[in-house]
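Here is a short report on one chain. Have the sequence and the model open as you read.

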Amino acid sequence: MPTRPLPHDSYANAVMAALNAEGLLSADSWTAYDCDNGETMMMEIVIALDPDRARAAGYDHGVTLLWNHTRRGWEYGPAQHGRQLRYVADLITGTPVAEPTDIVRAAQILLDPDDNLAALPIAGTSRPPGQTITPLLQAVLDEGGVEEGLARDLSAYT
């Protein structure tokens, strides 16, 4: 994790803690808030799942969970040699800020060696929005980088 706090760190930390509690998280996971193409600031979470469990499920080079606010939700991608993703597919639908328990459930499906990918994507649930918006998210909202609803959804994780 970066040393400076990012607007979505509380949410990322909740997701990573839930995955870690189930032994699904790899240390090779991170968050960012940066320009995606030189124009749009993007909040991003990249989570590598446990490499041993990924290999046991048939992902020889691992599998990665991806979230960014411009795509409006969670996706996953199996890695190929060199860490590039072979493809990206929806992991969770229905809410851009899915509950960490939903992400754990989807990760467990991904890592099931019996290959239950037909069960993905799963429908996600979300917490009630935050009554107040965190200062970091308020700054992003003021800059026009995020909608108020998403800022409130992320603010539920403080």
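## Helices α1 and α3

Helix α1 (residues 9–21) packs against helix α3 (residues 100–110) at an angle of about 45°. Their axes lie 9 Å apart. Axes are lines fitted to C-alpha atoms, for helices over the stretch in contact, and angles run from 0 to 180 degrees between N-to-C directions. The two helices are therefore oblique to each other (under 35 degrees is roughly parallel, over 145 roughly antiparallel, 65 to 115 roughly perpendicular, and the rest oblique). Their crossing is right-handed, meaning that the near helix is turned clockwise from the far one by less than a right angle.

On the α1 side, the contact uses Tyr11, Ala14, Val15, Ala18 and Leu19. On the α3 side, it uses Pro100, Ile103, Val104 and Ala107. Contact means heavy atoms within 4.5 Å. By class, these residues are nine nonpolar, no polar and no charged. Here Ala, Val, Leu, Ile, Met, Phe, Trp, Tyr, Cys and Pro count as nonpolar, Asp, Glu, Lys and Arg as charged, and the others, Gly among them, as polar. An α-helix has 3.6 residues a turn, so residues three or four places apart point the same way.

## Basis of the model

This is a predicted model, in which local features need pLDDT of at least 70 and side-chain atom pairs count only at pLDDT 80 or more, while totals for chains, interfaces and linings use all residues. Residues are numbered from 1 along each chain as its sequence is written, and side-chain values use heavy atoms, with hydrogens and water left out.

## The chain as a whole

The chain holds five helices and seven strands. Their order along the sequence is α-β-β-α-β-β-β-β-α-β-α-α. Helices (H or I, at least four residues) and strands (E, at least two) are DSSP runs, numbered from the N terminus. The radius of gyration is 15 Å, close to the 15 Å that the globule rule gives for 158 residues, so the chain is as compact as a globular protein of that length. That radius is taken over C-alpha atoms, and the rule is 2.2 Å times the number of residues to the power 0.38.

The C-alpha atoms fill a box of roughly 45 × 30 × 25 Å along the principal axes. Of the 158 residues, 47% count as buried (under 20% relative accessible area; exposed is over 50%, partly exposed in between, with a 1.4 Å probe and protein chains only). Among contacts with a separation of 6 or more, 53% join residues 24 or more positions apart.

## Buried positions

In helix α5 (residues 148–155), the buried residues are Leu150, Ala151, Asp153, Leu154 and Ser155. They pack against α1, β2 (41–48), β3 and α4 (135–142).

Threonine 64 sits in strand β3. With a relative accessible area of 13%, threonine 64 is buried. Leaving out residues up to four places away in sequence, threonine 64 touches Val46, Ile47, Ala48, Glu75, Tyr76, Gly77 and Leu85.

## Loop details

Arginine 72 lies in the loop between β3 (63–68) and β4 (73–78). Its phi is positive, about 70°, although arginine 72 is not a glycine. At 41% relative accessibility, this arginine counts as partly exposed.

The loop between α3 and β7 (122–123) holds alanine 119. Alanine 119 is partly exposed, at 40% relative accessibility. Its C-alpha atom is 8.7 Å from that of alanine 106, 13 residues apart along the chain. Proline 121 lies in the loop between α3 and β7. The peptide bond from leucine 120 to proline 121 is cis, with omega near 0°.
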